[in-house]
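Me: I would like to go through the terms used for this model one by one, and to see for each how the value is set against its definition.

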Amino acid sequence: MTNQTEQRPAEPGGSVPAGSKRGSTVETLFRFQSIFGLVAVFLAAVIFSPRNDGQILFLTSDNLFNIVRAVSEIGIIAIGLTFVILIGGIDLSVGSVLGLAAVGSAVLMVEDDFGVWATVALVLLAGVAFGLLQGTAVALLGVQAFIVTLAGLQIARGLARMWSGGETVQISYGDGPGQAPMLFSLLGERTFGGVVPIPALIFVVVAVVAILFLRSSAFSRHLYAIGGNEKAARLSGVPVNRVKIIAFGIAGFCAALAGVVHAGQLNAGSPNDGIAYELDGIAAVVVGGTSLAGGRGSVIGTIAGALLLGILNNILSLNSVNTDLQLLIKGLVIVAAAALQRLRPTS
């Protein structure tokens, strides 16, 4: 139940009705709007990029990989949000969960002498648990996701401040007390000859896993079914409550993973980390073509949306555009993407 365009049978002679062809073409354009938008923004960035001795600064390898590194955290969060939004839900707590995970990573290693793998496991488990609790409140208690996750935003931020004492916890590396293992510092490094940032690789891995999961699992069909028509999905035997709870758990996992990456990149964990990241994540999902009403969208679109916004940020910065004007431009892009969804024909 993926809201794909219905295929009409061909007329005698193998031809397809003209109306069907037009409808299929329009649906295809809307289906891949995020890809077309990404290509358009990429080409515009090339055209308007500053030059240095004839070299297009935007196309330098350092700059392109910096874009992917910059969007890696938001991209990971947005992938998790895609699962929630596909069922017609929302999660406003992901930015605060990122902050909680960043603080947890720093405190566990620096103050509690935990190893890297134990720290990462505990932080990710905490993120999943937080998401599952929110999903339970939505699915079993019937509280609107907006209200539940708005409260979750406050709770996670409060827990982060209590855990850190309201202060930024710096991460220093070494073998002595109060120092984190050197392995964690790899999150701020680059590989493949010092070119590819480690956070970018993590983003790619998460994206590939999410794409394959949504394409091959029964769970993904349940997500689309619930987002398309929850009542019909329930009547057809879809375990609606369980799917909702798991979707929020996935969002919590992705937010916590982004928090671990954030702490590794900045060598610190602050209770203020991740403020407004939920808005950037939702923006990437919307620009990527996922409907906020649920039932329609894809992880590939979300990735394209995150990269589109990342490229837009980058080219505006390269051209020294005023930060206030940058916010205005990005806001208009998001509104345009949402408005475009309203024009998409229903299947």
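Me: What makes helix 10 mostly covered?
Reply: In this predicted model, 22 of the 27 residues of helix 10 are buried, where buried means under 20% relative accessible area, exposed over 50% and partly exposed in between, with a 1.4 Å probe and protein chains only. Helices are DSSP runs of H or I with at least four residues, numbered from the N terminus.

Me: How do you know that the reach of helix 10 is close to the expected one?
Reply: The expected span is 1.5 Å times one less than the number of residues, and helix 10, with 27 residues, reaches 39 Å from its first C-alpha to its last, close to the 39 Å expected. Just after helix 10, Asn267 takes a positive phi of about 55°.

Me: Why is Thr119 called buried?
Reply: Thr119 has a relative accessible area of 0%, and is therefore buried. Thr119 lies in helix 5 (residues 116-139) and, leaving aside neighbours within four places in sequence, is in contact (heavy atoms within 4.5 Å) with residues including Gly104, Leu108 and Phe114.

Me: What is known of the predictor's confidence in the chain?
Reply: The mean pLDDT, a confidence from 0 to 100 for each residue, is 88 for the protein chain, and 89% of its residues reach 70 or more, whereas pLDDT stays under 50 over residues 1-18.

Me: Which conventions apply here?
Reply: Residues are numbered from 1 along each chain as its sequence is written, and side-chain values use heavy atoms, leaving out hydrogens and water. Local features need pLDDT of at least 70, side-chain atom pairs count only at 80 or more, and totals for chains, interfaces and linings use all residues.

Methods: Helices (H or I, at least four residues) and strands (E, at least two) are DSSP runs, numbered from the N terminus.
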